[in-house]
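Please view the structure first.

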Amino acid sequence: MILASIFVCFCLASAFNYYRTRRQRKFVANLKGPFTWPLVGSMHKIVLLTQKNFFQHSSKYLAKYGILSRCWIFHRLFIPVADLELAKQLLQSESHQQTGHELMRDWLGNSLLCCPQEQWAQRHQRLATFFQADKKLQLLKLLQEKAEQPFADLSVLAESREVFDAWQIMSSQVLDLIFAVNCGVCPSDQYKQAFADLTELYRQRFLGLKSANRFTFWLGSPFVRRRQLRLIKRINNENKLVLNQCRQQLQVKNDSIAIKVDHIEAPTKLDHQALIDVLAASENLNDEQLLAELNTCNYLGYLLCSTTLCFALVQIARHPTVQQRCYEELRKEKEINLHELPYLEAVLKETLRLQPPQLIVQRQLSEDFAYTHSKVGDAALPIGAEVYINLYELQRSELTQHFDPERFLDPTSELLSFGLGPRQCPAQQFSLLLLKYLLAPLLLQFELLPFGDALRPNLRLAPGSRNGFQLSVKLR
């Protein structure tokens, strides 16, 4: 009797689920996709996905179902896309909501990434204005000072030719620089450790079954959740102190806006305009939104720039002709100049093409999306569908798997790693500037050696390597 009742309930739930998605099913009837079980859909495709096997499963999925397909998980419709023609049409539209950051909503929930659509344009423009050309010139001196700091750890490793993991050294350099640019301070060691620990915690949670949603995480990992909230509080407390300093400098007369925080010694403010100064002057951001915006810029700058820098070091070490050409270009310049390093910029863009730090760009359609396609034909995707644009597979093919910076010396070459259209990264040019000023002095002082094991790719929010980014160096 009990089994019969369960079976009847399952059938009723399946019928209801099919009825509520009948309109979407008509739109995607022309698309291939994995077998859809009653009620649960293609859940087996998600359950079997892990950080280690993501790239392997992704390639097999595309080979079997094509560059445009459909995948049902319960009532949710996923549209995996690895096609340049369709991706451009989707990314050029600003009417669809950007998604994919639910995992980090406790930390970044009120930032640009997760804000309502009606607030998005204004908040995006604020960040774009800060990172525009004249602002980059103000930060150029800061970048030079940070990038030219002696690489003491690398000098020791150069003497022994010891193989090391580039992430362990370079991520710390990037973290200091990102904090200086965005917060305008030299943060405390406790703050940097809390930030690195929180980022690592989220990377470990990625693609985990216990992190499928907020309820399963609360139920399955209560101690991890408690540690996560404690780290978020520690980071925000120090951010609030810096924010109060900024407001005092702006001579805010209303003392009631000062934020009460736990007793922490305030960090020393640096002498340049930082992102937090711009955000503090904004009248339409409350404190929660402001802190989330700052945390988002710190997190994305740290993780994505560190990932790109480490991949670039490995690629340069394993391509001696590329390294030699970079070195010759740098030696010709008396001082590092953004506009006079075209080949080094091409190396970074080629690294971003092969290993985009934001591997998946996600959009949830807020209205039916009509598209045209030279191969698939003209059709439409239904409202509510969740589109997953796989930049890793999209920017690769049989002819473009190899590392060739020459392709980006052609000004017509396209790079989608920063996005495209109105929702592209507002700090695109600044990120390239930052990476060049970290990489250039290193290449002038050291020769990168292709020692160590080959990369073993995995996906932990951003692409990485299970065995690290192994190489060696020697002094020039």
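## Strand pairing

β4 and β12 (residues 470-475) pair in the antiparallel sense over two bridges. The model is predicted: local features need pLDDT of at least 70, side-chain atom pairs count only at pLDDT 80 or more, and totals for chains, interfaces and linings use all residues. Residues are numbered from 1 along each chain as its sequence is written, and side-chain values use heavy atoms, with hydrogens and water left out. Strands (E, at least two residues) and helices (H or I, at least four residues) are DSSP runs numbered from the N terminus; two strands count as paired if DSSP finds at least two bridges between them.

The three strands form an open antiparallel sheet in the order β4-β12-β9. β4 (164-165) and β9 (446-449) are the edge strands; each has a single partner strand, so one side of each is left without a neighbour in the sheet.

Helix α15 (residues 287-317) lies across β9 and β12, where contact means heavy atoms within 4.5 Å. The helix runs at about 80 degrees to β9. Axes are lines fitted to C-alpha atoms, for helices over the stretch in contact, and angles run from 0 to 180 degrees between N-to-C directions.

## Positive phi angles

Most residues other than glycine have a negative phi. L207 is not a glycine, yet its phi is positive, at about 65 degrees. This residue is in the loop between α11 (189-205) and α12 (214-220). L207 counts as partly exposed because its relative accessibility is 31%; buried means under 20% relative accessible area, exposed over 50%, and partly exposed in between (1.4 Å probe, protein chains only).

L461 is also not a glycine and has a positive phi of about 70 degrees. The loop that holds L461 lies between β10 (457-460) and β11 (462-465).

## Salt bridges

How many salt bridges are there? The count comes to 17, with a salt bridge taken as a side-chain nitrogen of Lys or Arg within 4 Å of a carboxyl oxygen of Asp or Glu. Among them is the bridge between the side chains of D368 and R23, at 2.5 Å from N to O. This pair links distant parts of the chain, 345 residues apart: D368 is in the loop between β5 (360-364) and β6 (369-371), and R23 is in helix α2 (residues 22-27). D368 is partly exposed at 33% relative accessibility, and R23 is partly exposed with a relative accessible area of 42%.

The side chains of D106 and R214 meet in a salt bridge of 2.9 Å, N to O. D106 in helix α6 (residues 105-108) and R214 in helix α12 are 108 residues apart. D106 is partly exposed at 30%, whereas R214 is exposed at 52%. A further bridge joins E350 and R407 at 3.0 Å, N to O. E350 is in helix α17 (residues 342-354), and R407 is 57 residues away in the loop between α18 (391-394) and α19 (428-445). E350 is buried, with a relative accessible area of 0%. D176, D189 and K192 are linked in a network of salt bridges.
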